[in-house]
Amino acid sequence: MSRPALLAGLSGWLPPIVVDNAEILRHLDSTEQWITQRTGIHRRHRAEPGTATSDLAIRAAAPLVAAARGPIDAVVVATMTPDRQCPATAPVVATGLGLTGAAAWDVANACTGFVYGLATVTAMISAGVLNRVLLIGAETMSAVLDRSDRGTAMIFGDGAGAALLEAGRPGDAPSFGPFDLGSDGTRPGLVAIPAGGSSDPDGEDRCIRMEGPSVYRSAVEKMTDSAQLAAKAADWSVADVDWFVAHQANARILDAVADRLDIPPARRFVNVDRVGNTSGASVPLALADLATSRRARAGDKVLITSFGAGLTWASTTLTWPEGL
Ligand code: UT7
C-alpha cells in the first residue's frame, strides 16, 4: 500500500527591509495610484545587500528543522534566483540547516516551482523513496530587478516560505490531492531573464523582463482552468473550497481568477498587497501566512494554483491538517 505524504509544518521569512511604493517611485516613472490600482501592491520586502537566496531559505526553514519529529532526508529549493548558476542552491541550504548529507536539489520553474516541487516530493514520499522532506520556495528577486523597468520594478519582492512533508501511516488520508501540471514553451521570452544562459551567454541583460499584458491574460486563463481541473481530480466542487491560495502575481489577476471560479472574496487568501510577487516563494509564503493567521481549521479545503515563466502552471488541493 502506498504511503500518504502529510504536510507537517509551514514557515515563512521576509527580509527586514520594507520597500513601499514611495521608495519604488524614486527610481520608476509611475504613480502611487497606478501601482496600487493596477497591481494591488502597497509594499514588498528586500534582502539586504550581501544576502543570498540560500540565506532567506535557511531563515524560513530553520523553525521546521527544529520542530521535525525525525531525520530530514531531503531539501528541495524552488527558485529562479539561485545563489549561483551552478551549483544548485539546495545543498548550501541543507548544510546551513545542519543537514549535510541529505539529498538536495533545486526546482527551476519560477512561480510554479514550489507546486511542481510538491508534486515531485509527495510522489517520492508515497513511493517510499523519501521519508521526510523540506520543500522551500525562496527568491531574491531584487538581485534580478531593473528598478527603472515599468513592467517589473513595482511587482517583485524578496522572501521565502518552507513546508515540511513526511510519510504518514498506510491508511492516513494524504494532505494533498492530485496535481494538474502543464506548460507552453512557445514564447519563453514572455517572462524571462534574457541573458546569461546558454542561449545568450554573452548578453548583458541579466534582469527579469515581462510582457505584462500577455502574461496577465494567460495567467487568468490557465490558473482558472488548472484550478478547476485540480478540484475535479480531487472530487471537490469549487463551491466547497474554504480557501483559495493562488500565486500572488497581482491583486487584479487573483480577483479575475477567483471571480471566474465563483469563489467569494472572504475565501481568497491575499498577501500580495504586503509582500508583492515573490515568484517561487509566493505559494509557500501565502500558506505560511494562512497558518499564522489561525483562520484555517483542520479539514478545511484549500485550492492551490500557480502560474508563471515558461509558461508553466500547477495546481493541487490541500486538506488543512490538524495542528498547523
Ligand atoms: O509571476 C509571474 C506571472 N506574472 C504575472 O502574472 C504578472 C502579469 N502582468 C501584470 O501584472 C500586469 O500586466 C502589469 C502590472 C505588469 C501591467 O499592468 P497592465 O494593466 O497590464 O498595464 P499595461 O502594460 O497594459 O499598460 C497600461 C497603461 C499603458 O499606458 P496607455 O498605453 O494606456 O497610455 C502603459 O504605458 O499603463 C502604462 N504603464 C504604466 N504606467 C505607470 C505601464 N506600466 C506602467 C507603470 N506605471 N509601471
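Which helix gives the most residues to the shell around the ligand? In this predicted model, that element is α6, with five residues. The helix spans residues 212-233 and is one of three, together with α2 (32-39) and α7 (251-261), that each supply at least two residues of the shell.

In total, 22 residues surround the ligand. Ser-30, Arg-38, His-247, Asn-250 and Asn-277 are the closest of these. Divided by class, the shell comprises 11 nonpolar, seven polar and four charged residues. For Arg-38, the separation between a side-chain N or O atom and an oxygen atom of the ligand is 2.9 Å. The corresponding separation is 2.7 Å for the side chain of Asn-250 and 2.7 Å for that of Asn-277. The ligand taken alone exposes 950 Å², and the protein buries 72% of this area.

The protein chain that forms this site contains nine helices and 13 strands. Its radius of gyration is 18 Å, which agrees with the value near 20 Å that a compact globule of 324 residues would have. Along the principal axes, the C-alpha trace of the chain spans about 55 × 45 × 35 Å. Buried residues account for 53% of the 324 in the chain. The accessible surface of the protein chain amounts to about 13600 Å², and carbon and sulfur atoms make up 50% of it.

Gln-85 lies in the loop that runs between β4 (74-78) and α4 (90-96). Its relative accessibility is 69%, and because exposed means over 50%, Gln-85 counts as exposed. When residues up to four places away in sequence are set aside, Gln-85 touches Gly-196 and Gly-197. Gly-196 is 111 residues from Gln-85 along the chain, yet the C-alpha atoms of the two are separated by 9.0 Å.

How values were computed:
Residues are numbered from 1 along each chain as its sequence is written. This is a predicted model: local features need pLDDT of at least 70, side-chain atom pairs count only at pLDDT 80 or more; totals for chains, interfaces and linings use all residues. Side-chain values use heavy atoms; hydrogens and water are left out. A residue is near a molecule or strand if one of its heavy atoms lies within 4 Å of it. A polar contact is a pair of N or O atoms within 3.5 Å; within protein, one must be able to donate a hydrogen and the other to accept it, and residues adjacent in sequence count only if both atoms are side-chain atoms. Accessible areas come from the Shrake-Rupley method with a 1.4 Å probe; for residues, only the protein chains shown count as cover. Helices (H or I, at least four residues) and strands (E, at least two) are DSSP runs, numbered from the N terminus. Ala, Val, Leu, Ile, Met, Phe, Trp, Tyr, Cys and Pro count as nonpolar, Asp, Glu, Lys and Arg as charged, and the others, Gly among them, as polar. The radius of gyration is taken over C-alpha atoms; the globule rule is 2.2 Å times the number of residues to the power 0.38. Buried means under 20% relative accessible area, exposed over 50%, partly exposed in between (1.4 Å probe, protein chains only). Contact means heavy atoms within 4.5 Å.
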